[in-house]
Every structure is written in C-alpha cells, then in structure tokens.
Amino acid sequence: MVCVTVERLDTPRGELVLRRDGEHHEIVSNGTFLMDTRDGRSERELVRAAVRGPGARVLIGGLGVGFSLAEALTLEPAAVTVVEIEPAVVRWNREHLRTAPLDDPRVTVVVADLVAFLAAEGPRYDAICLDVDNGPEWTVTVDNAALYGEAGLSAVDRRLAPGGTLAMWSAHRSAEFEDRLRERYRTVEVKEITVPRGEPDVVWAARGPC
C-alpha cells in the first residue's frame, strides 16, 4: 500500500503533512513521523494514568489523532480541555480522523501554544496529560523543551489541583527527565507500552509536588 498525501501545509513551525495509508492516517512534522491511527494504546494509557475517577477536570496537551481525548471521555469527566497548537490538526480530526467527538459538550478545544497556556493564569485541573513531543529529548519545536525543565514543570504545578496527577508521554525512556520528576514529586510511576518496532513507549505519572 502506498501512502497518499491528503494535505501538506507550511506552518510557522515548519511543514505539516497528513498522509493516508489504507484505512489509517499519519501526521508528519518537518519530515519526522509524529503519530498515526493504527494503535493508540499508549495514548489511552496516558489518560488512564492521570484520571483517577469520574467528575475530573482534565487538561490534554496535544490533540494528536484523538486517542487521548476519546479515552478521557469514557472516564466520565466533568470537562476536558484540549490545547493544540496546530489549527490544521483540529480540522483534520473533524474532517478525516473522527477518532474523538470534538463536539461533545464536555470538550473545549483551545488552539494555542501549550507552554504559553500553562504559564498563563487559569483554572486548575485534576489531571494534566501531556503528549506534544516524541519525548523530553526529542521535541517537535525548540520552544517545547521548556516543558520538561524547571520552568515548565513549575507552570504545570500551578495548574494542577491538589491531589491531581501529571501524566506525560514519550516514545522512549529518559533517565535524566525521570530523575527530575522524582526530585519534584512524592510519587512517580513509570509504565512502558510495547510497540511493534523500536523502544517501548513510556508514560510517567507524577503526583504530590514536593
């Protein structure tokens, strides 16, 4: 099966491409594969690691192909806010992917940079689920590196409700980042999700800022 380019765009962050491979879609940024609709197990695990019961106020950083949002809506949240920097990704979810119901009344989609969104004043969340890069050491944009440092984690802590959970996704394990989390939080759980090729995906779930 040959991949077909559905749409190719130039954005302020570079080239963004939506491709179709048979019944599945892929999103590629500046020539780097980001995500596809083939599996979604680790994106769903990201949300399950953070949402601890019904009625949660959930923040999802990165809409992607919609797996995280779809999973969050099965967990009876009070509300889900999705922050996605690329308006095209939101449109592609509506027009092509349709993995998650963006028109669900519990869902608010904010087209914004996640770093800036977290740094601004705003509501606090019971679960913050971040999936905007391939990992702390493999970010989609240079600016995203701030998410994984002291300033970014401090911004997360300010938006995390008491007793809330921060969950972060990565395409590979990072000992340095894991150590940083353990220095900041009383509890850090690590889950590896086996994938067909390469290293396992990783989800970190951190609770109780020190």
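**Notebook: strands, cores and salt bridges**

I started with S2, and it pairs with strand S3 (residues 24-29) in the antiparallel sense over six bridges. For my own bookkeeping, two strands pair if DSSP finds at least two bridges between them. Helices (H or I, at least four residues) and strands (E, at least two) are DSSP runs, numbered from the N terminus.

Before going on, I noted that this is a predicted model, where local features need pLDDT of at least 70 and side-chain atom pairs count only at pLDDT 80 or more, while totals for chains, interfaces and linings use all residues. Residues are numbered from 1 along each chain as its sequence is written, and side-chain values use heavy atoms, with hydrogens and water left out.

**The hairpins**

A two-residue hairpin connects S1 to S2, and I found Thr11 opposite Gly14 in S2. The S2 and S3 hairpin also has two residues between its strands, and there Gly22 takes a positive phi near 65 degrees.

**Arg19 and Glu26**

I followed Arg19 across to S3, where Glu26 stands opposite. These two form a salt bridge, with the closest N and O atoms 2.7 Å apart. I count a salt bridge when a side-chain nitrogen of Lys or Arg is within 4 Å of a carboxyl oxygen of Asp or Glu. Buried or exposed, I asked of Glu26? Glu26 is buried, at a relative accessible area of 6%, and Arg19 is partly exposed at 27%. The cut-offs are under 20% relative accessible area for buried, over 50% for exposed, and partly exposed in between (1.4 Å probe, protein chains only).

**Other salt bridges**

I got 22 salt bridges for the structure. One of them pairs Glu71 with Arg48, the closest N and O atoms being 3.3 Å apart. Glu71 sits in helix H2 (residues 67-74) and Arg48 in helix H1 (residues 41-50), so this pair ties together parts 23 residues apart in sequence. Glu71 is buried at 10%, whereas Arg48 is partly exposed at 39%.

I also checked Arg182 and Glu178, which form a salt bridge with closest N and O atoms 3.3 Å apart. Both belong to helix H6 (residues 175-184), four residues apart, so about one helical turn separates them. Arg182 is partly exposed at 42%, and Glu178 is buried at 9%.

**The cores**

Which residues have the most contacts inside the largest nonpolar core? I read off Ile27, Val58, Ile60, Leu69 and Val80, in a core of 38 residues. A nonpolar core here is a set of buried Ala, Val, Leu, Ile, Met, Phe, Trp, Tyr and Cys residues joined through side-chain atoms within 4.5 Å. I picked Leu69 to trace: leaving out residues up to four places away in sequence, it touches Ile60, Leu63, Val80, Val82, Ala100, Leu102 and Val107. Contact means heavy atoms within 4.5 Å. Another core, of 23 residues, lies apart from the largest one and includes Leu59, Leu114, Leu118 and Met168.

**Helix H3**

Last, I checked H3 (residues 87-97), where Ala88, Val89, Val90, Trp92, Asn93 and Leu97 are buried. Their cover includes S1, S2, S3, strand S6 (79-84) and strand S7 (107-111). Arg98 follows H3, and its phi is positive, near 55 degrees.
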